[in-house]
Amino acid sequence: MTARTTRQAGNLPAETTGFIGRHAEIAELTGLCRRSRLVTVTGAGGVGKTRLALRAAREMSGEFPDGVWLVELSGLRDGALLGHAVGRALRIVDQTARSRLDVIAEDLAGRRALLVLDTCEHLAGACALLAESLLEAAPELRVIATSRQPLGAAGERTMAVRPLAVQAGAGRRPDAVALFEQRAAAAVPGFAVTEANAERAARLCRRLDGLPLAIELAAGRLAALPLDELVAGLDDRFALLVGDDPDAPARHRALRTAVGWSHELCAPRERLLWARLSVFPGGFDARAAEGVCGGGALPAGEVPALLDALTAKSVLTRYAAGSSVRYRLPDTLREYGADWLRELGERDAVARRHRDHYLGLAERGERRWFGSSQEEVFRVLNEEHANVAAALEYSLTAPGQARDGLRMAAALWFYWVGCGLLGEGRLWLDRALALDPDATGTRAKALWVNGYVAIKQGDGDGATAYLEASRALAREIGDEAAEAAAVHRLGCVALVNDEHARAEVLFKETLARYEALGELDCGVIMARVEYAMNTAFQGDLAAAARMCEEVREICERHGEHWVKAYAVYVLAFAALTAGRPGEATRLARECARLSHAFHDLVCTVLAVELLALIEMLAGRPRDAAALQGAAGRIWRTVGLPLFGSAYFNGPHHECETRARAALGDAGYEALHAEAGRLGYDGAVALALGELPRPEPPAPSGPAARPGAASRERPVTS
């Protein structure tokens, strides 16, 4: 296998604005991180904790070959989802029913990585437990946390972040003034701090106690106010605030002054939009802002222009996400907006509009999942994950909203099952089903969806219970679509349990029901592929290949990729069995590439195993052993117990037997272990020929002497 590209670990975002000062703090933080495995950066809101932590992490990135990983927690409200958030940030895809913490700990064990947990104060206890557990499991791991207060974890070191310097150092401008100049120039091109205005700029920064967020907000006002008026207005606002609360710490008063005054200087509709935008837990696009925040005193058509106005005032941050533009409210400004939304009495109404918007997104995604929009749907839902979780949380906690939460969790079946989010999907479905026990079509659908998730997690008994309950309820209320879906997934349970006669009966019933309903979607064509697999396992590989050729044609006609990957796997297996290894390699790699795009572990690992067997049959046992090692790491994250199936396990068993015979047990296991260090992305890159074969360390001692190592034996078919 030849290498064409490598993949760099880590997910730190690019800096979008220049970084001012903080040289001593960066040196202090990097020094602490090198001496202590858990460092919490503390300080008031707006003081710059996140920017400092990210800059320090970026400077140390060369010390962590397994990556520097940012986990943004400001939009997370439920501590039960903390492990899922960390797993997504680390790009860990796991489809078992194991605890998310155990999965992450296993993945990080033996890796030298840096984890940045950003904005932990509202989940301090959960973050402390997570950090302690991961640090115990992974001796080479380091953690930086940012929080308004310490986490209280064992072994934690803290570093309090101070505001930017407001007094000039020897021969240089204060950092606070330098930041003001940089942000002011962005608001008013050509602005500069000169001898004529230096004292006023310094006075403004002193008034704001050197707090970066407060300074940025003030600089954003220069587009509307000259510097003299800006300083005078802040002086007046500060005097009012001190009179209102003389005991408040100076930096708290400074931030409240800047935020409050910025709010007052916004136009009425800008203030209203600011308040309504506070329902978004993280990023959002203009379309979502229009849909959620438009209405009443704020016409939806005015929202895009108001977003631009709030961005110009430094209230919003604009950033690129792929080809789209998104916005974010800094945490402190989101909190301020949320307070105003409650004062306006709109909190529940806007939260419900937010839920309705993302319920609509989920249901449109379900309809668009069959067709050429599949990868776009996956990308959009990944971007909107925090909003989807917030919408589900609102539905399951606000009075009278559980039915819509159940509807949303069920509509997202394709996201949970097809995109590697089984654990999170099971959590939402379990909660929603418990809250809405009424006999409805929504419940019948949610039951079969939860059964489908349970199948993929390897929980056969749980899956059967959910699916039988769904089938019974669907019969009771006359929901033929739900009954067909439940029968379909009961066929899947039989298939993975090697109950082929029962599976054949259930799949035939399923396909007849789908035909009577006149449906053609991912569920229907997946049932055909699963029926084809069952047919192949009963010995009729030619018939199975014909079925999958038909499915592939349907997929290509509609631009569908997820189910196509499974059909292509069967065709690859058929090509290899028919003595066409070149075609089998091409098809198996296509399968791996397609399924990797959706984080579908089951289909991916089946393709990697088949490629290993192809390498073995071609006389390349070292490549075969490496691919099996890469597949082995994925198998540990697959809930579906395919290793329990004599049929799904066939290529693996044949390949391993031949490779061990060629390399000897020690040679096979060394290559297997080294490739097993690759993550999911690395395993797929190896299978696609984009990474060189990992080689075990050279042996030392007597085994290293010439002639001591076993020779690679010739391979016979």
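Is Arg91 buried, partly exposed or exposed? Arg91 is partly exposed, because its relative accessible area is 41%, where buried stands for under 20% relative accessible area, exposed for over 50% and partly exposed for what lies in between, with a 1.4 Å probe and protein chains only.

The model discussed here is predicted, so that local features need pLDDT of at least 70 and side-chain atom pairs count only at pLDDT 80 or more, while totals for chains, interfaces and linings use all residues. Residues are numbered from 1 along each chain as its sequence is written, and side-chain values use heavy atoms, with hydrogens and water left out.

## Backbone and single residues

Arg91 sits in the loop between α3 (82-89) and α4, and its phi is near 60°, a positive value in a residue other than glycine. Helices here are DSSP runs of H or I with at least four residues, and strands are runs of E with at least two, both numbered from the N terminus. Arg22, which is not a glycine, also has a positive phi, of about 65°; this residue lies in the segment before α1 (23-35) and is buried, with a relative accessible area of 5%.

Arg22 is among the contacts of Val47, a residue placed in the loop between β1 (38-42) and α2 (49-59). Val47 counts as buried because its relative accessibility is 0%. Apart from neighbours within four places in sequence, Val47 is in contact with Arg22, Val161, Arg162, Pro163, Leu211 and Pro212, contact being defined as heavy atoms within 4.5 Å.

| Pair | Distance along the chain | C-alpha separation |
|---|---|---|
| Val47 and Leu164 | 117 residues | 8.1 Å |
| Arg426 and Val487 | 61 residues | 20 Å |
| Ala389 and Arg355 | 34 residues | 9.6 Å |

Helix α31 (residues 650-675) has 26 residues and would span 38 Å if straight, at 1.5 Å a residue, yet the distance between its end C-alpha atoms is only 21 Å; the expected span is 1.5 Å times one less than the number of residues. The helix bends by about 110° at Gly664, the bend being the angle between axes fitted to the seven residues ending at a residue and the seven starting there. Gly664 is also one of the buried residues of α31, which are Pro651, His652, Cys655, Ala659, Ala662, Leu663, Gly664, Tyr668, Leu671 and Ala675, and these buried residues pack against α27 (562-577), α29 (601-617) and α30.

Helix α11 (residues 268-277) is mostly covered, with seven of its ten residues buried, and these include the charged residues Glu270 and Arg276.

## Pocket and cavities

On a 1 Å grid over the protein atoms alone, a cavity is a set of points where a 1.4 Å probe fits but cannot get out, a pocket is an open set with protein on both sides within 12 Å along at least five of seven lines, and lining residues have an atom within 4 Å of a point. Grid points are joined across faces, edges and corners, and a volume is the space filled by probe spheres set on the points.

The second largest pocket has a volume of about 980 Å³, and of the 38 residues that line this pocket, Arg111, Arg677, Leu678, Gly679 and Gly682 are the closest to its centre. At least two lining residues come from each of α4 (100-108), α30 (621-635) and α32 (680-687). The lining divides into 19 nonpolar, six polar and 13 charged residues, where Ala, Val, Leu, Ile, Met, Phe, Trp, Tyr, Cys and Pro count as nonpolar, Asp, Glu, Lys and Arg as charged, and the others, Gly among them, as polar.
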